[in-house]
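Colleague: Could we go through this model together? I have a few things I would like to ask.

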Amino acid sequence: MPDIPLTVLTLLSLAALAAGWIDAVVGGGGLLLLPALLLGLPAGTPAATALGTNKAVAIVGTTGAAVTYARRAPVDVRTAVRIGLAALAGSSAGAFFAAGMSTDVLKPVIMVVLLIVAAFVILRPAFGTAPAPGPASRRRILAAIGLAGLGIGFYDGLVGPGTGTFLVLALTAVLHLDLVTASATAKIVNCCTNAGALATFAWQGAVWWRLAVVLAVFNLAGGMLGARTALKRGSGFVRVVLLTVVFALVANLAYQQWLA
């Protein structure tokens, strides 16, 4: 790993802190940290190295947020792990197909879906404000494994941006969770997908571990703080952050599609 100026390292650390907070509340922290790494790392740094280092940082913050949530929120860890294992398989399949497929075709479709989701959340103020009474049925759990696990996991391997946000939305809709519990469950699922991706990048030697360790400390602090903020402020606060992240994701995808 080449030397990185202290100013750049400081800015990357602040980005890791903010990304951890955003990711813990509603997902989408990679929208901040990954572009920061791509801009801040020395010219000529392979994209795979930025992606691998990002995963090494993100898994620490995600794990910290997951532990914080699990201690204080009513999370069904067993169901979350089942969905996570399905997402791990889905992301592996998505990564396999990504090698021979242009994601530019998918980006406009994703933007339309996100705008529909945003409109739905805005027009349905009660969405995700209160959980359904009683445990989720077997049919709903299987649907969550299929959609949030295999489906969104496949998207994560194929395209990637906004996976955490999609997980929160899917878990809220399918399992009838409130947004705080859905965020908590999504963190456990994210741990599984991040672990699989990180193992691949590490095997390829595409991780700058010394930089990752520094940034992971800040990401962990942000993740734990974000989880506590969401637990304290409740689903209404998460809903506002969710809409903000959705519109940011649409803007990011639009920029990549037509302006970059």
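**A walk through the model**

Modeller: Gladly, and let us start with L14, which is partly exposed, with a relative accessible area of 47%. Keep in mind that this is a predicted model.

Colleague: Which helix holds L14, and which nonpolar patch residues go with L14 on the surface?

Modeller: L14 has its place in helix 1. A nonpolar patch on the surface, with about 500 Å² of accessible area together, includes this residue. Its members are L11, L14, L17, V214, V217 and F218.

Colleague: At roughly what angle do the axes of helix 1 and helix 9 cross?

Modeller: Two packed helices are described by the angle between their axes and the distance between the axes. Here the axes come within 6 Å, and helix 1 passes helix 9 in a right-handed crossing. The residues of this contact divide into 16 nonpolar, seven polar and no charged. As for the angle, the axes cross at roughly 35°.

Colleague: Is A216 buried or exposed?

Modeller: A216 is found in helix 9. Its relative accessible area is 7%, and the cut-off for buried is under 20%. A216 therefore counts as buried.

Colleague: How many salt bridges does the structure hold, and how many residues apart in sequence are the parts that the pair ties together?

Modeller: The structure holds one salt bridge. D23 forms it with K187, the closest N and O atoms being 3.5 Å apart, and both D23 and K187 are buried. Because D23 lies in helix 1 and K187 in helix 8 (residues 179-203), the pair ties together parts whose separation in sequence is 164 residues.

Note on methods. Residues numbered from 1 in each chain as written. Predicted model: local features only at pLDDT ≥ 70, side-chain atom pairs only at ≥ 80, totals over all residues. Heavy atoms only, no water. Axes fitted to C-alpha atoms, helices over the stretch in contact; angles between N-to-C directions. Helix = DSSP H or I, 4+ residues; strand = E, 2+ residues; numbered from the N terminus. Left-handed = near helix turned anticlockwise from the far one by under 90°. Nonpolar A, V, L, I, M, F, W, Y, C, P; charged D, E, K, R; others polar. Patch = residues over 30% accessible without salt bridge, like charges linked within 9 Å, V, L, I, M, F, W, Y side chains within 5 Å. Areas by Shrake-Rupley, 256 points an atom, 1.4 Å probe, with all protein chains shown as cover. Salt bridge = Lys/Arg side-chain N within 4 Å of Asp/Glu carboxyl O. Buried < 20%, exposed > 50% of the residue type's maximum accessible area, 1.4 Å probe, protein only.
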